[in-house]
Amino acid sequence: MQSLNEIDLSKLEKIGKTGNVYALNDEQILKVFTSEKSNSGKILNDLQGLPFVPKIYEYGEDWLIMQRIKGNILWFHQKGFSWFNVKLNYKEHKKNTLDFIDGSIAKGWMPEGLHQFNVMMGEDGKLYVCDVGRFIKIDGETVSTKNEYQKLLLGYCRGINQAYDTIESRIELLGKEKMLEICTP
Ligand SMILES: Nc1ncnc2c1ncn2[C@@H]1O[C@H](COP(=O)(O)OP(=O)(O)O)[C@@H](O)[C@H]1O
Ligand SMILES: [Mg+2]
């Protein structure tokens, strides 16, 4: 796809409560940036291969096509609602979190804005970062001290960091239909 003009958005199914996200098919979503240009496509492209990073297919300045995540935003899990249960492995989750932070920084992007609305939990039990729009371009920085990690884990990456404690504990399975109704505009 070269530009948004090639697509009739009114014919697509809108998903997610906020933003301009449309289902293209079972595997892909189209995200449209209406107010300003975004480098989200490039960021996702740079971060491919790291834990939590969904696949990116194509992107332009005001749109991107990425992997469709079948699941919920983390917020719902943390409020205790879902249509599926997940079991996180603490060791694996911790390793993935650190690999994600180190990897992002090594590739020149400081994670920011990863709150519970921008991270999704998939039915496959994996976490996905669905919105990288607030990541910050950095050059030659390293994160090495405990303090720097704490700042990232408790601040910019808090959605991911808090996932482990809150997810498993108190999920009430509402059924897929009910959850999709709640999640869809
Ligand atoms: N790749 C995706 N697969 C499935 N749903 C998504 C995906 N990306 C976003 N969403 C849904 O759309 C919502 C808004 O997406 P987001 O990228 O955070 O947009 P915004 O720019 O409004 O913050 C998310 O909370 C989620 O429910
Ligand atoms: Mg968002």
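Good morning. The centres of domain 1 and domain 2, taken over C-alpha atoms, are separated by 19 Å. The domain assignment, automatic or from a database, places domain 1 at 4-67 and domain 2 at 71-183. To their contact (heavy atoms within 4.5 Å), domain 1 brings 17 residues and domain 2 brings 20 residues.

A word on the basis of these values. This is a predicted model, in which local features need pLDDT of at least 70 and side-chain atom pairs count only at pLDDT 80 or more, while totals for chains, interfaces and linings use all residues. Residues are numbered from 1 along each chain as its sequence is written, and side-chain values use heavy atoms, with hydrogens and water left out.

How much area do domain 1 and domain 2 bury between them? The figure is about 1,600 Å², with 67% of it on carbon and sulfur atoms. Buried area is the accessible area (1.4 Å probe) that two parts lose on being put together, summed over both.

One salt bridge is counted between the two domains, a salt bridge being a side-chain nitrogen of Lys or Arg within 4 Å of a carboxyl oxygen of Asp or Glu. Lys-31 and Asp-131 form a salt bridge, and their closest N and O atoms are 3.4 Å apart.

Finally, the side of domain 1 that touches domain 2. Helix H1 (40-47) and strand S5 (63-67) each supply at least two residues of this side; helices (H or I, at least four residues) and strands (E, at least two) are DSSP runs, numbered from the N terminus. H1 gives the most, with five residues. Thank you.

Definitions and conventions:
Chains are lettered from A and ligands numbered from 1 in the order in which they are written.
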